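Try each task yourself before you read its solution.

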Amino acid sequence: MLIAIFLLGSWQARAAPGSDLIGKSVLVSWTENRQQRTNGSEVRAVTRNFRLQMYVSGAGRPFTRVTSSGRGGTHGTDQVGGGGESLRGGARTVTVNGNSIAVQANWANYARNLRIDVAPGGSGCSAQMSVGKEPGSAPKSFRNVGGFTIEIHSLSVSGVSCSIRQGNVFGG
């Protein structure tokens, strides 16, 4: 039991934001290109534009908002702290460790992994996104925040960009 507490404590110490992130906002955008079926329709090409806004407070707590926009409208979800729900009802975790941020989200049989690296001094950032599907699995349907039943047949990501700025993007 004592070893478990020690390991948890040492993990928490390593999973703290660096001073270059405290009091700053990170903005990441990307485009998802999908082959998907909506409400039982034919499979068709769909493009969704995503934006992640994150603020890391003085206490080291991440506040995030993810929005998705496209032909079906704009939808978003907010999260305080490291765990929450993705836009599609799956799990989303945010881990801030030094000058690196990892955002992982899953829904149906797909997952998204976003890694953000902040330059020393907080002068800039870079972001890499990877997406994947359970090997060999057939498309699984899920209901999105707009109430549509979605079935994704393939997914790719393009145009990932990152910027950083001083202060709270949410105005607080």
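**Exercise 1.** Find where Asn-39 lies, and decide whether Asn-39 is buried, partly exposed or exposed.

*Step 1.* Look at the loop between β1 (24-38) and β2: that's where Asn-39 lies. Strands here are DSSP E runs of at least two residues, and helices are H or I runs of at least four, numbered from the N terminus.

*Step 2.* Asn-39 has a relative accessible area of 48%. Buried means under 20%, exposed over 50%, and partly exposed in between, using a 1.4 Å probe and protein chains only. So Asn-39 is partly exposed.

*Step 3.* Check the backbone too: phi of Asn-39 is near 50°, a positive value in a residue other than glycine.

A word on the ground rules: this is a predicted model, where local features need pLDDT of at least 70 and side-chain atom pairs count only at pLDDT 80 or more, while totals for chains, interfaces and linings use all residues. Residues are numbered from 1 along each chain as its sequence is written, and side-chain values use heavy atoms, with hydrogens and water left out.

**Exercise 2.** Which residues does Ala-108 touch, not counting residues up to four places away in sequence?

*Step 1.* Start in the loop between β7 and β8, where Ala-108 lies.

*Step 2.* Ala-108 is at 36% relative accessibility, so it counts as partly exposed.

*Step 3.* With those sequence neighbours set aside, Ala-108 touches Glu-134, Lys-140 and Phe-142.

*Step 4.* Take Lys-140: it's 32 residues from Ala-108 in sequence, yet the two are 5.5 Å apart in space, C-alpha to C-alpha.

**Exercise 3.** Which element gives the most to the lining of the largest cavity?

*Step 1.* Among the lining residues are Trp-30, Leu-52, Val-103, Gln-104 and Ala-105.

*Step 2.* Two elements give two or more residues to this lining: β7 (100-107) and β8 (110-118).

*Step 3.* β7 gives the most, with three residues.

How values were computed:
1 Å grid on protein atoms, 1.4 Å probe; cavity = no way out; pocket = protein on both sides within 12 Å on 5 of 7 lines; lining within 4 Å. Contact = heavy atoms within 4.5 Å.
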